[in-house]
Amino acid sequence: MSFEFPEPAPWFADLPRDSRGFFILAEIGWEGGKPAFNKFSVERTVVLAVNRACALCGYPMPPGHNVYRAFAQGDAAQIRGHEREHAHDLAGPLHRSCVFYSAIVCPYLRERTARLGKDSMIAPGAKRGTLAAVFGFKDLGLMVPLRLPPGKFPSPKIAYLKLDEDIRYRDGDELRDHYAAAVESDANIIDMKGPRLYWADSPAEFDALKAEFTELAGEVDKRTPIYGPTVLTEGIDSGIEYMTLPI
């Protein structure tokens, strides 16, 4: 039985797709004219998050509404048990409808037997686990290193603040009713009249992205931290101190 994509919401229906039919998210990097789903584009993720724009569709997420991400079983358990007030991830936040769509169609998030690819930047070959989750958080911030250790260039992280919703699921198809309801509710808060943040692979687009990233990084770095310092204990940035800045 072939997989059936849900009807896309109006706010991402016009995004480009890859050869398999998957939408190319706003935060996904490009290499040689093709989307690189296995890698994060730090510039895209940071510019989107600081502008409170969705990592999938690129449209704004209004303050006062929860922001969302889907997590594999192990990450969800860690956040649920130990990081409810302050979690972090390399990837950026999504609208409620956009995260449910992603959890339904993304092969890794959809299938309980899925694994990350061997070339993943996060955890090559890691299992998704039986019980994944969509989390909603009250707010977000930007985690930046307090100092750069010699020979290391740690990436900024997206801070997810105050876990507010915990929707557990085994298979993506379980979320189709959640997605339909979220499309209806998000239609009241997503403003498609304004500009969307989205950059493909043209030199002009990437130059504009880099310029905005540099400008935002300098401006955000002057803000008063709201959390930290936080010492990471896992991953390639283990042992590095971060502070969380408001966005």
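The model is a predicted one, in which local features need pLDDT of at least 70 and side-chain atom pairs count only at pLDDT 80 or more, while totals for chains, interfaces and linings use all residues. Residues are numbered from 1 along each chain as its sequence is written, and side-chain values use heavy atoms, with hydrogens and water left out.

**First stop: K157**

Select K157, which lies in strand β6 (residues 157-169); helices (H or I, at least four residues) and strands (E, at least two) are DSSP runs numbered from the N terminus. K157 counts as buried because its relative accessibility is 8%, where buried means under 20% relative accessible area, exposed over 50% and partly exposed in between, with a 1.4 Å probe and protein chains only.

**Second stop: α1 and α6**

Next, select helix α1 (residues 42-50) together with helix α6 (residues 203-220), which pack at an angle of about 55 degrees with their axes 9 Å apart. The axes are lines fitted to C-alpha atoms, for helices over the stretch in contact, and angles run from 0 to 180 degrees between N-to-C directions. Display V42, E43, R44, V46, V47 and V50 of α1 with F206, L209, E212, F213, L216 and V220 of α6, which make the contact.

With α1 still selected, note that 7 of its 9 residues are buried, so α1 is largely enclosed by the rest of the structure. Those buried residues are R44, T45, V46, V47, L48, A49 and V50, and what covers them includes β1 (28-31), β5 (132-145), β6 and α6. Step on to R52, which follows α1 and has a positive phi, near 55 degrees.

**Last stop: α3**

Finally, select helix α3 (residues 96-105), where 10 of the 10 residues are buried, so α3 is largely enclosed by the rest of the structure. Its cover includes β3 (67-71), α4 (107-110), β5, β6 and α5 (176-186).

Methods:
Contact means heavy atoms within 4.5 Å.
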